[in-house]
Amino acid sequence: MEIKQLQDGLEKQDVTRLILEALPEWFGISEAREEYITESADKMFFCACNQDRPIGFLCLKETGKDTVELCVMGVLKEFHRKGIGRELFHRAKQAASEKGYSFMQVKTVEIGKYEEYDRTNKFYQSLGFKEFEVFPMLWDEWNPCQIYVMDL
């Protein structure tokens with residue numbers, strides 16, 4: 001497995017589409033998925049490849065002069081629980097730190113709402129993210145937004 005930082009906007013969008021469309025449990029709302037795909041073109045982007053085949057990605061966006069957000073990531077299901085998400089995160093964290101960011105945040109659905117997102121919450125916590133705040137209506141009443149933060 002190799003992790004590359006991609007620069008080409010169209011390549012970023014192609015990888016994002018490939019991975020997110022394979023993960024409907026997390027990215028089943030087409031409008032949100034298309035927004036992630038469109039926005040990935042100009043973001044800091046890391047791609048995990050297995051024999052030159054994209055199997056996962058992580059995208060960062062600046063949210064303030066000192067803060068970057070892990071705005072979207074995905075790993076194909078057959079590669080879950082093999083350390084790929086963790087490796088993508090460590091590579092992105094290192095790059096964000098080298099660019100001078102002090103903090104990283106991530107948003108997900110509050111723990112206790114859906115099993116898939118409970119696993120996502122536990123993954124972020126295992127990386128060292130700390131609970132910051134829950135916004136019950138940021139997205140909608142069925143998806144209360146949990147924000148996690150960490151210092152870099």
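**Entry 1: a pair in the sheet.** I looked up Leu 70 and found that its bridge partner in strand β5 is Val 106. I am working on a predicted model, where local features need pLDDT of at least 70, side-chain atom pairs count only at pLDDT 80 or more, and totals for chains, interfaces and linings use all residues. Residues are numbered from 1 along each chain as its sequence is written, and side-chain values use heavy atoms, without hydrogens and water.

**Entry 2: the neighbours of β4.** Strands here are DSSP runs of E with at least two residues, helices are runs of H or I with at least four, and both are numbered from the N terminus. Strands pair if DSSP finds at least two bridges between them. I found four bridges between β4 and β5 (residues 103-109), which run parallel.

**Entry 3: buried or exposed?** I checked strand β4 (residues 67-75). Nine of its nine residues are buried, so β4 is largely enclosed by the rest of the structure. Buried means under 20% relative accessible area with a 1.4 Å probe, counting protein chains only.

Entry 4: Next I visited Asp 118, in helix α5 (residues 115-127). Asp 118 is buried yet has no salt bridge, meaning a side-chain nitrogen of Lys or Arg within 4 Å of a carboxyl oxygen of Asp or Glu. Lys 122, the nearest side chain of opposite charge, is 5.8 Å away; Lys and Arg count as positive, Asp and Glu as negative, and His and the chain ends are not counted.

Key: Buried means under 20% relative accessible area, exposed over 50%, partly exposed in between (1.4 Å probe, protein chains only).
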